[in-house]
Amino acid sequence: MMTDNAYPRPQLRRSNWRSLNGPWRFTFDHEMSFRVPRDVTDWPLTINVPFAPESARSGIGDTGFHRACWYQREFDAPDDLRDGRRLLLHFGAVDYNARVWVNDTKVAVHQGGHTPFGADITFALNPGTTQRLTVWAEDDPHDLEKPRGKQDWRLEPHSIWYPRTTGIWQTVWLEVVPETYISSLGWTPNLERWEIAFHAFVEGCHTEKAYVSVRLTCGSHVLADDSYHVIGGEVHRRIGLSDPGIDDYRNEMLWSPEWPTLIDAEVRLICDGKVVDTVESYTALRSIGVQRERILLNGRPYTLRLVLDQGYWPDTLMTAPSDEALKRDVELAKAMGFNGVRKHQKIEDPRYLYWADVLGLAVFGEMPSAYRFTPKAINRLLREWTEAIERDSSHPCVVIWVPFNESWGVPDLPAMPAPRHAVQAFYHLTKCLDPTRLIIGNDGWESTATDIIGIHDYDGDPGHLRARYGPEVKPQEVVDRRWAGGRILTLDGHPHKGQPICLSEFGGVAYIKPGDERYERGWGYTRYDDIEEYRRRCCALIESARSTAMFSAFCYTQFADTFQEANGLLFDDRTPKLPLEVIHAAVTGNGYVHP
């Protein structure tokens, strides 16, 4: 990713690829004056891709309003484009509308600021080696009908919104593939049947004698080694595994945050008896479900201890400084005792999901909100949400989807049928695209169609939380009568039907070091200037949520300070405010002493 050599697409890896991150020519186009690359005659700036121009690491650091911008650079075409080989160009994410040219030939158009796209650019290459790549990105800073998450529409970040991200913000890369190649693949485990569903799509010149071979291994053990006939450019198969039978052996094969067992996959495309393409991937055996008001992981009750993670860095914004920084965030969440994160208002980089898969951390995948309810906004959300699910549905770490948060973009749910229909439609669409995971239809309050009731409660008094959700209170009373943030938890006609209850946002306690430049403007739901008072309140709130039997999951706000929000357990540079072992004890209850 970024400036290192981490493979950008971890579940479909090839050896022959090259990052285009680094210096590009750059210019803003505030008046939308340019239409094609030849219109741009002056390139006054240099940007460090993939960092957005608003970020300091980009080399520009301009946080003003920017309607559009242009990028350009040269690259050398690989010298092994022979025997029908193709050159693919990939973008991890470009916010929001993108057009791409190679040597003044348009090769790609995409809308959506958080999902990947690419193109076969072989036809646009000039004779010789040096090629010119140009990208136009349009991202209207005032447009509230597009999925924008936490990107502020005001000039300066305010309240819970942050600086904008314009243009390229994830890795750009090239990949050489054969004339006929595996274009995509996916995995869906089925624990009840002890099998893994596999699908693959093949692009190029199809032959009747095309097969895809799949070899699955777990450590030194070969689990499957089979070949499947490619029909119509597709393969869809269920791969049965030998059931170990005894629970102890079974458990060693299952993925969980405590035991993140992965199954490695080598997938080969064979045409007319010859191997023409080989990719590496991985999957896992893992199930998520509900039963009798509890969340089940791999068929057993499991309490999700989550921390809300905005996924921002001070100098790089939504782009991580490095792949190591993404790995470190996963490690820090686990070191604090959390077994999951709620990635808030952001479709996170696939490299983060890779490290969550490898190291063991459950992830809530959440759609960035639009802030108007119009047909245009719903169509945009629909398109990008579908692409996000397609991109991430094979990651074992992703256990829950969240299409809406706190009724953002779907206002007046109690009174207006149309927004209610939108929430219900997205719930059922998500179930259609991925029936294996749980869904929180609208997190926080005003639930209709949902597998889990999410509650947001920022009361800073732990005693109030215990009184409100303690053992003497029935779940039905909480869900059907309780108001959170001035909003009812479930809408009329959608009473509690035994869904698990999750305190999906709470805490938000701020602490800022005296003398810090943000001391005056730093913000939290509650704030303490004394570190010992901060420790007592933080730990007491977490302990209150952890010890409440009603909650099948809880999510503390938040992982790290984010711009003016100073309510992180970590400072924005990821330095812990409290010793990690203190936070770990409060989160897990192991060794915890009431403050």
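1. Axes here are lines fitted to C-alpha atoms, for helices over the stretch in contact, and angles run from 0 to 180 degrees between N-to-C directions. Helices (H or I, at least four residues) and strands (E, at least two) are DSSP runs, numbered from the N terminus. The model is predicted: local features need pLDDT of at least 70, side-chain atom pairs count only at pLDDT 80 or more, and totals for chains, interfaces and linings use all residues. Residues are numbered from 1 along each chain as its sequence is written, and side-chain values use heavy atoms, with hydrogens and water left out.

2. Helix H6 (residues 462-469) and helix H8 (residues 531-546) have axes that come within 9 Å and cross at roughly 10 degrees. H6 therefore counts as roughly parallel to H8 (angles under 35 degrees). Pro462, Leu465 and Arg466 of H6 meet Arg537, Ala540, Leu541, Glu543 and Ser544 of H8, where contact means heavy atoms within 4.5 Å. This contact has four nonpolar, one polar and three charged residues; Ala, Val, Leu, Ile, Met, Phe, Trp, Tyr, Cys and Pro count as nonpolar, Asp, Glu, Lys and Arg as charged, and the others, Gly among them, as polar.

3. An open sheet is built from four strands in the order E1-E12-E5-E9, with antiparallel pairing; strands pair if DSSP finds at least two bridges between them. Strand E1 (17-19) and strand E9 (117-120) are the edge strands, each pairing on one side only. On average, neighbouring strands of this sheet are turned by 20 degrees against each other, direction ignored. Strand E5 (residues 86-91) pairs with E9 over four bridges, and Leu88 stands opposite Asp120 in E9.

4. Strand E13 (residues 181-190) and strand E14 (residues 195-203) are antiparallel partners over nine bridges. Thr188 has Ala197 in E14 as its bridge partner. The hairpin of E13 and E14 has four residues between the strands, and Trp194 takes a positive phi near 55 degrees there.

5. The second largest pocket holds about 510 Å³ of space. On a 1 Å grid over the protein atoms alone, a pocket is an open set of points where a 1.4 Å probe fits, with protein on both sides within 12 Å along at least five of seven lines; lining residues have an atom within 4 Å of a point. Grid points are joined across faces, edges and corners, and the volume is the space filled by probe spheres set on the points. Of the 23 lining residues, Pro178, Glu179, Val275, Val276 and Asp277 are the closest to the centre. Strand E12 (172-177) and strand E19 (274-283) are the elements giving two or more residues to this lining, and E19 gives the most, six. By class, the lining has seven nonpolar, five polar and eleven charged residues.

Conventions. Parallel < 35°, antiparallel > 145°, perpendicular 65-115°, else oblique.
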